[in-house]
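Visitor: Hi, could you walk me through this one?
Guide: Gladly; have a look first, and then ask away.

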Amino acid sequence: LMAVGFLLSLVGIWAGLWFKEQGYYGAWWPSSSTWILILLGYAFLASVLPVWSLLQPRDFLNSLLLYLGLGLTYLGLFVSSPSFDAPAFVPEPQGAPPMLPFVFILIACGAASGFHGLVSSGTTSKQLNRETDAKAVGYGGMIGESLLGLLAVFACTAGFASPEQWHQHYASFNAAAGLPQKLAGFIEGSTSFLVGLGLPAGMSSAVIAMVVVSFALTTLDSATRLLRFNFEELFGRFTLFQNRFLSSMFAVATIAFFAFFEVEGKPAALALWALFGTTNQLLAGLSLILATLYLKHRNKPTLYTGIPAVFMLGSTGISMVSNLKRFLFGATPNYLLGGVGLVLLILGGWLVIESIIVLAKPRTEDDLDIRL
């Protein structure tokens, strides 16, 4: 069944591209707002249905598409052997933030992701046959993420046809800022590798775009399910939130608010994207602290999680404070980002203090019986 589903996915990509080339997408095609509602409906179903019935098979199909995209793109990279038109080192890009701590936020976001920490506990763990499989799945996920990150570097450096095209796309830090610009650089660069294999440019671009969209879809349904868990944990004392259908409705409504509510002419979710890097790394640092607490209670070594937690929270904290100064007191204040960032900084600091208090307590015999 999975092989049939994957084949149908590939046929769907070809059919969508063919319909577009034939000009069949007309006034009857759903608008962007309608598509948002469709996706929210899908997210609701993925939140309330058992993991094995929708989320797990969709994850599996997406993984096959990712493997196909990675394999073809790396093969195209080696076959076409493009030149690296990007400069090897630019110490002070125009409009860029200070290299420290920005570079550590950027690198750490791929090496240790807070969102992945949530997903592994809320959804991935429920798809394992046995607990011992977690090591192989986690290690394999790390390798896959590394290959994707390396491909992104290749696509955004060697994927441009000429140095002039690269400099035009990255004329300044602000010119390449924003999610659409980042995705465009990756898609265009990866497409050039597939074209090097002799594949049509349109089909190559569609395949890479579908790989990117499949990641977004993974985030959508997993995040909705996790948000439902958060509502149930925070407000579980109320009968209303003990029902998975109602708690999922609240989760979907929250996402819909950020999708439709506009800030300065664009959806609030895109406006909040500027906080993604530091927020993700704050959560990653807190996940490492949680792992450190668990290891301490189990009388296991804690340095290999504790030291990265301190470094990550330190660099992320510096970045958050720097962003707050810009959002609240800069030339063009953004009080939405400033307010949300300030709340996150306070909550993160509160959890760090709580963790330090727990770590400072002497171990007792009861700690050996703790199971998380």
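**A pocket and some helix contacts**

Visitor: How much space lies in the second largest pocket?
Guide: In this predicted model, the second largest pocket holds about 480 Å³ of space, a volume filled by probe spheres set on grid points joined across faces, edges and corners. A pocket is an open set of points on a 1 Å grid where a 1.4 Å probe fits, with protein on both sides within 12 Å along at least five of seven lines, and lining residues have an atom within 4 Å of a point.

Visitor: Which residues are closest to its centre?
Guide: Of the 13 lining residues, G16, L17, K20, Y25 and M210 are closest to the centre. Helices α1 (2–21) and α9 supply at least two lining residues each, helices being DSSP runs of H or I, at least four residues long, numbered from the N terminus.

Visitor: What does α9 meet in α5?
Guide: T219, S222, A223, L226 and F229 in α9 meet F115, L118, V119 and G122 in α5, where contact means heavy atoms within 4.5 Å.

Visitor: New topic: is L337 buried or exposed?
Guide: L337, in helix α14 (residues 335–360), is buried, with a relative accessible area of 5%; buried means under 20%, using a 1.4 Å probe and protein chains only.

Visitor: What is L337 in contact with?
Guide: Apart from neighbours within four places in sequence, L337 touches A271, L272, A274, L275 and F327. Its C-alpha atom is separated by 40 Å from that of K300, 37 residues apart along the chain.

Definitions and conventions. Residues numbered from 1 in each chain as written. Predicted model: local features only at pLDDT ≥ 70, side-chain atom pairs only at ≥ 80, totals over all residues. Heavy atoms only, no water. Buried < 20%, exposed > 50% of the residue type's maximum accessible area, 1.4 Å probe, protein only.
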